[in-house]
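Welcome, and please take a moment with the sequence and the structure below. The report that follows walks through a few of its features, one group at a time.

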Amino acid sequence: MADSRMNRVIGIIAHVDAGKTTLSEALLFVSGSIRSAGRVDHGDAFLDTDAMEKERGITIFSKQARLEIGGSPFTLLDTPGHGDLSPEMERTLRVMDACILVISAADGIGGHVRILWELLAHYHVPVFVFINKMDQPGADRDALLEQVRRELSEHALDLGIDTADPGIQEEIALCDDRLTERYLEGGHIAAEDIAELVSARKLCPVLFGSALRMEGIRELADALDRYVRPSVSCGEGRGEHTSAGAGAGEHASAGAGEDTAPEFGARVFKITHEGGTRLTWMRITGGSLKARDPVGNDKVSQIRLYSGERFTAVQEAAAGEVCAVAGLSFTFAGQGLGTEPDADRYIMQPVQMSAVQILDGTDTATALGYLKELEEEEPLLNVSYDEQAAEIRIRIMGQIQAEILQRVIAERFGMAVAFGPGTIVYRETIARAAEGVGHYEPLRHYSEVHLLLEPGLPGSGLILEDRCPPDTLEGNYRRLIMKHLAEKTHKGVLTGAPVTDMRISLTAGAASPVHTEGGDFRQSTYRAVRQGLMMAASAGNCVLLEPIMDIRLDIPRESLGRTLSDLQQMHAELAPPEVTAGRAALTGTIPASEIGDYPQTLASFTRGEGSMFTAFREYAPCHNADEVIAAAGYVPEEDLEEPASSIFCRHGAALLVQWNEVRDYMHLDTGWRPDTNGSGNSGSIGSAGPDAGRPSGSGRSGSGKSRDPYAAEKELMAIFERTYGPIRRNDLRPAQEHRAGGSSHDNGRTIDDWKPSKNRTPEKSYLLVDGYNIIFAWEDLRDLALDDIGAARDKLLDILSNYAGYCSEEIIVVFDAYRVTGGLGEVYRYHNIDVVFTREAETADLYIEKTSHELAVKKHYRVTVATSDAIEQVIIFGTGALRLSARGLLEQILAAQQEMRERYLQ
Ligand SMILES: Nc1nc2c(ncn2[C@@H]2O[C@H](COP(=O)(O)OP(=O)(O)OP(=O)(O)O)[C@@H](O)[C@H]2O)c(=O)[nH]1
Ligand SMILES: [Mg+2]
């Protein structure tokens, strides 16, 4: 049950100039909190205290006032009404218990009011409608109430009328089925019932008056006292009217014992700097906050309870309180503290981006620092530095915000800036799932990351998830990957715009016990995202998104035809016009990029009689994507800051593998395949050749020795081409080309940095080859095996023995003798390689797993397992070994041979 002494927070929101600040003043006066009411028009209002506010006569920053109504404490939050400043208003919605939506009688319900109404619905804020300026001529109470009921809520009721009146009792009862039943059975509707309906948003009280003339203010104050319930209780941080599911706080004290102190929770809604002191504005939603309490790594140095410009410092702020806290340096607007989760994304968003022009020669780094400080106060500024254009960019809601920022920057930092023309902020997403693979293995580094990118719901943003089987990669590496995913704005590959509305799941990753270093996973994670996006793009599955705005137009009826045709050309989607006497209202959506200066055009051809409101709605597929993409001229491969390629290691040197070939080199395989079965090397073939039988022991002659030295290479080349298709020359030699170029920058390092150093002590490394698996994966060997398995085996041994001469790895070839009755297993040396036949009932998989565990985990040797078996690789990875696909092995062998040949021919 609500504690009547708990502080209740009432927000006031409205369209610009509806009278919010005047109403705040009136409420303060009526409640006895101020002795005389100031006036916004005279620059002496209690809440419009900023110099800019006084000059412009508008509220710019949300502000609070404390007052008592009927002996209970209240905090009023006055908010700015201008559309450019709506993010400042939106942030207060999460901390209020109820809201007064002020409507100016003369304006009625215009487009802006409807947008605000939807915002309040989104945040589940209980609403009181106050129809202001009833003192002005022509204000029609009944008509206005009717309009509110028609356009906002059918459960809007004039509560100025005595609520004991039978007519009004019945109307209230009709707001809720249970109540209707009780009422029909002869029950009475009490204030408590009304409070419950209001907090559930089933009833919207409507009051009328004049803030300027202090009419209807007492009634409004009484209604607030009677019908507003605190949305937090003393015991816990509870968010009754915030979005469902977000409420970590809801469960925070579950299971806590009776006498356990309630846990602290708070929602930060504002950051300001007052005379050099950084203040974090928050509402306490659970427990309490005391001076000198630790918050994160900081300590609370002071708790201020502000009212207007003045504050009192207190030792403790309890649940329900709104306070400004000094001493915290890492807080941000929208943050949840203690048991509270952070805010979801805000609805009001700037859709335009502008370059910051520094007019007074301040250097860019200093300017960036200043703007970052402002960004703490207004996170939507999204301050970024574009390296290519060498300019700072910020996102701005509109002209008014730009002017305010300019002034704030000049006054606070003494820096003169201007803003370039606004450009639309696009985003990118994907239409179908893709796997992204990133591998980073320059010398003495190792990491591989697999991410599944899946399309998310519109507006869902980026959802990051760890779906990596826990036993395949250590927890701290998984956490590192998740951190790297979260720490960065990932750029799309169509225009380089940030990606959104996607779920990115970590599905697999590999580290080396010896070589993985801090930072390796950052590289492979970033690369995996980009590689996945390139995969999606190549399949035509990347989607450019553009901001779509809600529009509401109020125009004279005779302008309807022209307006409709204009809007149609601007790709607007409109509901049928609502036409009333002499006026028409249009609602719909429009791409932000099409709006331009249409509000001015509209105002001019309607001679000031028409107005247009816009508010950000959502990101949706771009109506002119091709055009925008072409104009952006973005070439993802040339974006050196955002590589989609991977770095592998071949023969001790770094090998840059382009995104479209990463899958051929990757060490892990999650089994994911593109939809269009294009990848070719699906892992199901040749698992262990079950009928292979025990080898005869014959035919181990070194037949390869007497052959043409290049015959093996030619033969291998032929095997390769038949199995995997023709080879493009640089397939096999990207490493050399990139090293020669030397220009492939990656975070400032060139590929040259990764050349093996001469005096490196060779480490021991093993290549375990799953014999039958490889035989059945290489087409020629498979054909041979179908005729004569022994011959195929010998051929593989010859090839590997040849390769062993070039490579630095110890090669162990394992053949499965699982089904050989009485088989004891055999290990022998074939020239320079080891050959193993497993025992009865021991599969090659098992043997390889055991051996790689022995070598990789116990002895810390580097182990690579060559197999095309997708299931086996999961096991292998548990042991810390690397996997090489059948194709990868063949490629490596070919590359080695070619390299040797070139060396000898020189
Ligand atoms: N006639 C009349 N004028 C009013 C009334 N309330 C406010 N005004 C006038 O309306 C104008 C705007 O009032 P404000 O209180 O600044 O409006 P606001 O909603 O706070 O405006 P922003 O903060 O800029 O969004 C001022 O000139 C007020 O004097 C009223 O009840 N009657
Ligand atoms: Mg105001």
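Let us begin with the aromatic rings: the count comes to ten aromatic pairs. Please keep in mind throughout that this is a predicted model. A pair of aromatic rings is described by the distance of the centres and the angle of the planes. Two of the pairs are set out here.

| Pair | Centre to centre | Angle between planes | Geometry |
|---|---|---|---|
| Tyr306 and Phe311 | 5.1 Å | 45° | tilted |
| Phe815 and Phe837 | 5.3 Å | 20° | stacked |

**The six-stranded sheet**

Next comes an open sheet of six strands, with antiparallel pairing and the order β14-β13-β16-β9-β8-β17. Its edges are β14 (310-314) and β17 (336-338), each of which pairs on one side only. From one strand to the next, the twist averages 40°. At one end of this order, strand β13 (residues 302-307) runs antiparallel to β14, and five bridges join the two. Within that pairing, Ser307 is found opposite Arg310 of β14. The sheet also has a helix packed on it: α11 (residues 364-377) touches β8 (265-274) and β9 (277-286), and the direction of α11 makes about 140° with that of β8.

**An enclosed strand and its partners**

How many of its seven residues are buried? Seven of the seven are, so β4 is largely enclosed by the rest of the structure. In a regular strand the side chains alternate between the two faces of the sheet. For β4, both faces are covered: Ala98, Ile100, Val102 and Ser104 are buried on one side, and Cys99, Leu101 and Ile103 are buried on the other.

On either pairing of β4 described here, the strands run parallel: five bridges join β4 to strand β1 (residues 8-14), and six bridges join β4 to strand β5 (residues 127-132). Ile10 has Ala98 as its bridge partner in β4, and Ile100 stands opposite Phe128 in β5.

Which residues does Ile10 contact, leaving aside its neighbours within four places in sequence? They are Phe74, Thr75, Leu76, Leu77, Ala98, Ile100, Leu224 and Val228. Ile10 and Leu93 are 83 residues apart in sequence, and their C-alpha atoms are 9.6 Å apart in space.

Two packed helices are described by the angle between their axes and the distance between the axes.

Take helix α1 (residues 20-30) and helix α9 (residues 217-227): their axes cross at roughly 80° and come within 9 Å. With angles of 65 to 115 degrees counting as roughly perpendicular, α1 is therefore roughly perpendicular to α9. In this contact Leu23, Ala26, Leu27 and Val30 of α1 meet Ile217, Arg218, Leu220 and Ala221 of α9. By class, the residues of the contact of α1 with α9 are seven nonpolar, no polar and one charged.

Helix α6 (residues 166-173) and helix α7 (residues 177-184) pack at an angle of about 140°, and their axes are 8 Å apart. The two helices, α6 and α7, are therefore oblique to each other. On the α6 side the contact is made by Pro166, Gln169, Glu170, Ile172 and Ala173, and on the α7 side by Leu179, Thr180 and Tyr183. The contact of α6 with α7 divides into five nonpolar, two polar and one charged residues.

How values were computed: Residues are numbered from 1 along each chain as its sequence is written. Chains are lettered from A and ligands numbered from 1 in the order in which they are written. This is a predicted model: local features need pLDDT of at least 70, side-chain atom pairs count only at pLDDT 80 or more; totals for chains, interfaces and linings use all residues. Side-chain values use heavy atoms; hydrogens and water are left out. Two strands pair if DSSP finds at least two bridges between them. Helices (H or I, at least four residues) and strands (E, at least two) are DSSP runs, numbered from the N terminus. Axes are lines fitted to C-alpha atoms, for helices over the stretch in contact, and angles run from 0 to 180 degrees between N-to-C directions. Contact means heavy atoms within 4.5 Å. Angles under 35 degrees count as roughly parallel, over 145 as roughly antiparallel, 65 to 115 as roughly perpendicular and the rest as oblique. Ala, Val, Leu, Ile, Met, Phe, Trp, Tyr, Cys and Pro count as nonpolar, Asp, Glu, Lys and Arg as charged, and the others, Gly among them, as polar. Rings of Phe, Tyr and Trp (its six-membered ring) pair if their centres lie within 6.5 Å; planes under 30 degrees apart count as stacked, over 60 as edge-to-face and the rest as tilted. Buried means under 20% relative accessible area, exposed over 50%, partly exposed in between (1.4 Å probe, protein chains only).
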